[in-house]
Every structure is written in C-alpha cells, then in structure tokens.
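Please work from the coordinates before reading on.

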Amino acid sequence: RFSLAQASERDIFDLSDQDMADLPLPQGCRHALYALFDSDVVTRSSQTEALRKAAASGKASFSYLAPLDQDDAEERIAQAARLGIKALVLHPYLQNIVGERLLKALALARAAERAGLFVQVCTAYGSRQIFAIRPLDVALAVAEAVNCPVVLTHGGGAKGRDALLIADAMPNVLLDTSFSLSWWLGSRIEDDFAFALRKLGPS
C-alpha cells in the first residue's frame, strides 16, 4: 500500500518501498496529481509498470522531479513521458536552484517540453532559504525559456501579487493555489488570491 502519509521532506525522496499501484484518493476527489520527488522512480523496474498503469487509469496524474546533477536527467524525463507522467517539477528550495544551477533547471525544462510535458515550479515562499533562493525568479526564467504551460504551484504564496503579475505578462503561465489558500486563510494574502482569480479568471 502507498503509505507515505506523513509530511516528511526526507521520505519523499525515497519511494522505493511504495506500491505505485495502490494510490489513495482524498475523500471526495475523483482525480489527484502526485508529485514524485524520487528521481529513481522512473528507472526502478519494480515500479515502472505499476506507475504506467496508474497513469493510464484516469484516477491519477503524475509530475516528476528530475535530478539536476545527473548526466542522464534528460533521458529520465523522456522515460517519465513514456510512462505517462504529465509534468516536470522544479523545486527551487529543495533543489537549490540558484546561479549556474538555474541553467541546469532551464535545460531540464526544455527537455520536458520536447518530451511533451508541461512544467511545474514550486513558488512557495519561505523556509530558512527565504532570502537566498527566489522561486519566482526561477519561475519567470522557466516561463521565458519554454512555450509549454508553466504552473506556479502554491501561486507564489506570500508573493502572490508578484505571481499574478508574472501570469498576467506570460500567456503560458498558470497559477495553482495548492496549500496556500488554507495556510494563508484569514490574511490579506487570501484576499490577494481572490483578486488574482478575479483578474486572471478561473481557468
């Protein structure tokens, strides 16, 4: 059974003991998107067929975090597409996307587009790296590098207004609220998300 139910960043990078054929759907949900942060999941023969079947089931979609520092990263992205995975994930904080690492991330985004995937960029704003890594800088650079859809997961979080302005300027950029709406409930940032929805439209 797919048992990874605890909020643990360490554990999400190792899905080797997870049953990809038994993915839970949240109550009342007909379809879920699972972000796979274990870069080996697309090469692990014990999981690939189950992953392919899960992707074809209509109940689940998958996005994939490819390794920035491995020579076969682009081939892994192509393999992910062959398995039915729909998107590449870039996570500026977890992947330390700054400086020359941004160039690597852009190369992976282009490889994802060639493979027929779209790109998700985690744009939550916070953590101890709050002033060292700038997720929206990464998101804008990715959106300028590709023509495929670029989804800003968490909608920029505390910087939702900036995310809105990027989406307004870039026709291939979409905002996704993810956990931001519930986390910022009752704050002025919640109002910013409502404004963004009115400004950009629900699509």
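**Exercise 1.** Determine how the side chains of Glu49 and Arg52 meet, and where the two residues lie.

*Solution.* The side chains of Glu49 and Arg52 meet in a salt bridge, with 3.3 Å from N to O, where a salt bridge is a side-chain nitrogen of Lys or Arg within 4 Å of a carboxyl oxygen of Asp or Glu. Both residues belong to helix α1 (residues 45-56), three residues apart, which is about one turn of the helix; helices here are DSSP runs of H or I with at least four residues, numbered from the N terminus. Glu49 is partly exposed at 40% relative accessibility, and Arg52 is partly exposed at 36%, given that buried means under 20% relative accessible area, exposed over 50%, and partly exposed in between (1.4 Å probe, protein chains only).

The model is predicted, so that local features need pLDDT of at least 70 and side-chain atom pairs count only at pLDDT 80 or more, whereas totals for chains, interfaces and linings use all residues. Residues are numbered from 1 along each chain as its sequence is written, and side-chain values use heavy atoms, with hydrogens and water left out.
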